[in-house]
Amino acid sequence: AEAVLSKRTFGKKALDEFLSIANAPRALVASADLSAPLRQGIMLGPGHPKEFFGGLVPMVRAFTSESFARATDEALRARPTFALAEKANLYLAPLSSRAASLSSHEEAYMSRLVERLPWVRSSQRAYVTYLNKLRADVFDTLIAGWERSGKPVTEENARSLADFINKASGRGSLGKSNLGPAVNAVFFAPRLVLSRIQAPTKLLTATWEVRKTVVKDMVAFFVGGITGLTMLELSGAVDVEHNPLSSDFGRVRIGPTRLDFWGGEQPLARFIAQMLTGLRKALSTGEIHDISRPDTAERFFRSKLAPAPSLLYDYYKGNNFFGGDINAEEEALKTVTPI
């Protein structure tokens with residue numbers, strides 16, 4: 001793969017290096033954590049608990065050991081179902097961006113520049129190992145279930161299944177273009193945001209066999225989330241916001257701390273509710289007041305920017321996202337500091 005990449009034209013190499021540099025702040029901010037299960041992977045969790053929890057230990061081991069991550073990756077690609085998964089376009093990210101095009105990489109770590117940093121490389125291994133294993137395990141489990149029940153495993157069904165698993169695990173589609181690195185340099189997680197819209201729409205576009213899986217997984221995700229929120233609220237230990245006009249909608253509140261386990265769906269639901277009604281619930285007073293829809297759309301757009309474009313936009317607006325004055329040193333530090 002490295003030999004093939006070395007044969008690119010000078011222009012393509014230069015563009016690739018520029019995008020690698022542009023995506024470096026995004027990779028730095030996303031590093032030093034193990035967030036994949038409760039962010040990208042959470043939508044598949046309630047419907048596939050064995051596969052969801054089965055990747056946690058390998059993720060931690062991959063964080064500390066490169067040899068373990070490589071062995072796990074090789075084992076996934078040696079499975080009997082790998083050829084079918086590959087043909088069906090199930091997304092399995094490369095462990096290293098040095099031997100793959102940037103567009104084929106997970107959007108959180110789409111930069112060769114910072115991959116040399118130990119904590120970034122460890123975070124990337126853990127992130128890729130967990131999501132690859134989750135996708136492959138769910139794909140294998142469902143294919144095996146079809147075979148046991150005597151249902152035909154057609155190429156159409158396999159492609160439809162792989163497409164749903166990709167989207168349900170945060171790998172949204174940007175179309176047939178190779179603009180992933182460029183879009184990722186501007187927005188923080190464009191594929192994740194799109195995936196939270198695209199995954200439920202598979203109810204309308206998937207094949208009949210896969211549609212059953214989509215229904216089961218979507219019901220498990222939303223009902224599981226609502227049940228969890230209800231039980232936590234009934235315990236009396238936390239508060240839960242029920243109003244979709246509030247920024248805390250669907251979140252667990254423990255003093256100043258907010259817990260959101262909706263994997264990216266919550267901001268979309270809140271934004272849609274506010275845009276439809278033209279109203280917002282203030283966090284400080286609890287009062288509901290009118291809003292400007294253009295301003296609300298602009299804030300939503302602003303919240304999705306990658307670190308570097310966000311900093312530039314702050315200077316353009318003359319204030320930070322919360323409306324406060326810009327502290328140049330503090331704001332610059334945020335663009336490279338892990339969340």
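The legends below describe close-up views of a predicted model. Residues are numbered from 1 along each chain as its sequence is written, and side-chain values use heavy atoms, with hydrogens and water left out. Because the model is predicted, local features need pLDDT of at least 70 and side-chain atom pairs count only at pLDDT 80 or more, whereas totals for chains, interfaces and linings use all residues.

**View A. Helix H13 against helix H14.** The axes of H13 (residues 265–277) and H14 (residues 293–303) come within 9 Å and cross at roughly 165°; helices here are DSSP runs of H or I with at least four residues, and strands are runs of E with at least two, numbered from the N terminus. Axes are lines fitted to C-alpha atoms, for helices over the stretch in contact, and angles run from 0 to 180 degrees between N-to-C directions. That angle makes H13 roughly antiparallel to H14, a label given to angles over 145 degrees. Pro267, Leu268, Phe271, Gln274, Met275, Leu276 and Thr277 in H13 meet Arg293, Thr296, Ala297 and Phe300 in H14, contact meaning heavy atoms within 4.5 Å. The residues of this contact comprise seven nonpolar, three polar and one charged, where Ala, Val, Leu, Ile, Met, Phe, Trp, Tyr, Cys and Pro count as nonpolar, Asp, Glu, Lys and Arg as charged, and the others, Gly among them, as polar.

**View B. Helix H5 against helix H8.** The axes of H5 (residues 56–64) and H8 (residues 118–148) cross at roughly 155° and come within 7 Å, which makes H5 roughly antiparallel to H8. From H5, Leu56, Pro58, Met59, Ala62, Phe63 and Thr64 meet Ser122, Ser123, Arg125, Ala126, Thr129, Tyr130 and Lys133 of H8. Seven nonpolar, four polar and two charged residues make up the contact of H5 with H8.

**View C. Helix H9 against helix H11.** H9 (residues 155–168) and H11 (residues 190–205) pack at an angle of about 145°, their axes being 8 Å apart. Ser160, Asp163, Phe164, Lys167 and Ala168 in H9 meet Ser195, Arg196, Gln198, Ala199 and Lys202 in H11, and the residues of this contact divide into three nonpolar, three polar and four charged.

**View D. The open sheet E1-E2-E3.** Three strands form this sheet in the order given, with antiparallel pairing, and two strands pair if DSSP finds at least two bridges between them. Strand E1 (239–240) and strand E3 (257–259) are the edge strands, each pairing on one side only. E1 pairs with strand E2 (residues 252–254) over two bridges, and aspartate 239 stands opposite arginine 253 in E2.

**View E. The salt bridge of arginine 135 with glutamate 106.** The closest N and O atoms of this pair are 2.9 Å apart; a salt bridge is a side-chain nitrogen of Lys or Arg within 4 Å of a carboxyl oxygen of Asp or Glu. Arginine 135 lies in helix H8 and glutamate 106 in the loop between helix H7 (82–87) and H8, so the pair ties together parts that are 29 residues apart in sequence. The structure holds 23 salt bridges.

Notes
Angles under 35 degrees count as roughly parallel, over 145 as roughly antiparallel, 65 to 115 as roughly perpendicular and the rest as oblique.
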